[in-house]
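This report walks through the packing, the ligand site and a few local details of one protein model. The sequence and structure come first, and the commentary follows.

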Amino acid sequence: MKVLITGSNGQLGSEIKELASNYENLECVFKDLPELDICDTKVLNTFIIDQHINAVINCAAYTAVDKAEEDLETASKVNVKGVLNLVNALKKVDGKLIHISTDYVFDGNHSQPYKETDPVSPKGVYGEMKRAGELAVLNSSIDAIVIRTSWLYSAYGNNFVKTMLRLGNVKESIQVVFDQIGTPTYAKDLAKTCLDILSNAGSTNISKKGKIYHYSNEGVTSWYDFAKAIMEISNIECNVIPIETKDYPTQAIRPLYSVLDKSKITSDFKVIIPHWRDSLANCLKKINHNS
Ligand SMILES: NC(=O)c1ccc[n+]([C@@H]2O[C@H](COP(=O)([O-])OP(=O)(O)OC[C@H]3O[C@@H](n4cnc5c(N)ncnc54)[C@H](OP(=O)(O)O)[C@@H]3O)[C@@H](O)[C@H]2O)c1
């Protein structure tokens with residue numbers, strides 16, 4: 001199977017790049033801006049048809065959650081039109097799609113992990129556009145699944161873990177919100193899951209049991225506890241001070257609770273999900289090794 005990974009220089013795309021050679025039945029092709037813009041309908045169609053692409057893992061996205069509040073146009077172009085372009089191009093070649101979405105489609109008013117069947121109610125532009133992108137996939141007839149994930153981090157790109165390491169090494173103390181509850185996701189674990197799903201599918205449909213799935217690491221935490229764990233595992237002596245969300249205003253409102261229920265993905269695809277703290281330790285080992 002020939003698989004195109006779009007947005008391949010981002011966190012998830014980079015992790016897929018590292019793992020791809022372990023999958024003998026997948027021939028992966030990695031593309032990002034400016035070479036392959038998913039918003040460019042003509043270029044995308046030509047590429048998918050001419051290169052005989054059988055499947056796409058869409059890691060391309062506009063992920064600037066706060067900036068999106070003032071840049072609806074770009075957020076919508078990449079996260080909706082780009083996704084629609086992929087769906088339409090894959091329709092022409094009968095190709096499969098794994099599209100990545102977000103916990104920000106939920107309003108965060110739950111106190112139980114969100115299931116795939118729970119109603120969505122995004123609180124900001126980013127969440128709204130990601131939901132519209134989901135619908136472009138869900139309303140199509142192609143063999144496609146949407147995987148919603150949360151609090152993604154990796155050794156690549158910019159993310160919470162790398163920000164904490166940077167600040168922890170130069171500051172005596174740091175304030176982090178303790179009243180936003182969720183689960184971190186090591187992009188490497190999600191990358192493996194995407195590749196496993198395609199590799200095991202062969203010629204069968206990936207969407208035969210459902211079209212939406214939830215994936216994060218196991219366990220539940222707050223950003224404060226996540227920051228504490230980053231400092232502890234890295235032996236950084238920085239005092240992490242818990243604060244409330246109201247004392248750390250951001251342009252976009254975040255869901256206060258966004259724990260995802262992963263039972264569907266674990267049962268349909270036999271996925272084994274590591275605990276967030278174990279995955280964090282693995283990622284920190286890699287970051288320290290690289291630095
Ligand atoms: N990061 C999180 O905390 C988080 C949480 C939940 C869900 N997700 C979802 O998980 C997925 C992967 O996220 P990530 O953190 O790996 O994202 P990322 O690091 O921001 O990577 C996205 C990549 O897509 C590229 N891109 C942007 N517009 C493009 C276009 N028009 N055509 C092709 N490529 C384009 C970006 O290039 P530039 O950098 O040049 O723009 C970047 O290389 C996304 O769908 C995201 O919405 C992320």
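A nonpolar core is understood here as a set of buried Ala, Val, Leu, Ile, Met, Phe, Trp, Tyr and Cys residues joined through side-chain atoms within 4.5 Å. The model is a predicted one, and the text below should be read with that in mind.

**Nonpolar cores**

The largest nonpolar core holds 33 residues, and the members that touch the most other members are Leu4, Ile38, Ile48, Ile53, Val56, Leu97 and Val137. At least two residues of this core come from each of helix H2 (41-50), helix H3 (72-93), helix H4 (125-138) and strand S5 (143-149). Helix H3 gives the most to this core, with 8 residues. In soluble globular proteins, nonpolar side chains tend to be buried together.

Ile53 shows what such a position looks like in detail: when residues up to four places away in sequence are not counted, Ile53 touches Lys2, Leu4, Val29, Phe47, Ile48 and Val93. There is also a second, separate core of 31 residues, which includes Ile5, Cys28, Cys194 and Ala201.

**The ligand site**

Which residues are closest to the ligand? Among the 25 residues that surround the ligand, the closest are Asp32, Asp37, Thr63, Tyr126 and Lys130.

| Residue | Protein atom | Ligand atom | Distance |
|---|---|---|---|
| Gln11 | side-chain N or O | oxygen | 2.9 Å |
| Asp32 | side-chain N or O | oxygen | 2.6 Å |
| Ile100 | backbone N or O | oxygen | 3.2 Å |

On its own the ligand has 910 Å² of accessible area, of which the protein covers 78%. Helix H1 (11-19), strand S4 (96-102) and helix H4 are the elements that give two or more residues to the shell around the ligand, and strand S4 gives the most, with 3 residues. Sorted by class, the shell around the ligand has 13 nonpolar, 9 polar and 3 charged residues.

Thr193 is found in helix H6 and, at 4% relative accessibility, counts as buried. With neighbours within four places in sequence left aside, Thr193 is in contact with Tyr215, Ile265 and Val271. Thr193 and Gly82 are 111 residues apart in sequence, and their C-alpha atoms are 23 Å apart in space.

Ser207, by contrast, lies in the loop between helix H6 (187-201) and strand S10 (212-214). Its relative accessible area is 17%, so Ser207 is buried under the 20% limit. Leaving aside neighbours within four places in sequence, Ser207 is in contact with Asp143, Ala144 and Ile145.

**Backbone details in loops**

The peptide bond from Leu33 to Pro34 is cis, with omega near 0°, and Pro34 has its place in the loop between strand S2 (27-31) and helix H2.

Two residues other than glycine have a positive phi: His52, where phi is near 55°, and Trp151, where phi is about 45°. His52 is located in the loop between helix H2 and strand S3 (55-58), whereas Trp151 lies in the loop between strand S5 and strand S6 (152-153). Are these residues buried or exposed? His52 is exposed, because its relative accessible area of 61% is over the 50% limit, while Trp151 counts as buried at 8% relative accessibility.

Note on methods: Residues numbered from 1 in each chain as written. Predicted model: local features only at pLDDT ≥ 70, side-chain atom pairs only at ≥ 80, totals over all residues. Heavy atoms only, no water. Buried < 20%, exposed > 50% of the residue type's maximum accessible area, 1.4 Å probe, protein only. Helix = DSSP H or I, 4+ residues; strand = E, 2+ residues; numbered from the N terminus. Contact = heavy atoms within 4.5 Å. Near = heavy atom within 4 Å. Polar contact = N/O pair within 3.5 Å; in protein donor to acceptor, adjacent residues only side chain to side chain. Areas by Shrake-Rupley, 256 points an atom, 1.4 Å probe, with all protein chains shown as cover. Nonpolar A, V, L, I, M, F, W, Y, C, P; charged D, E, K, R; others polar.
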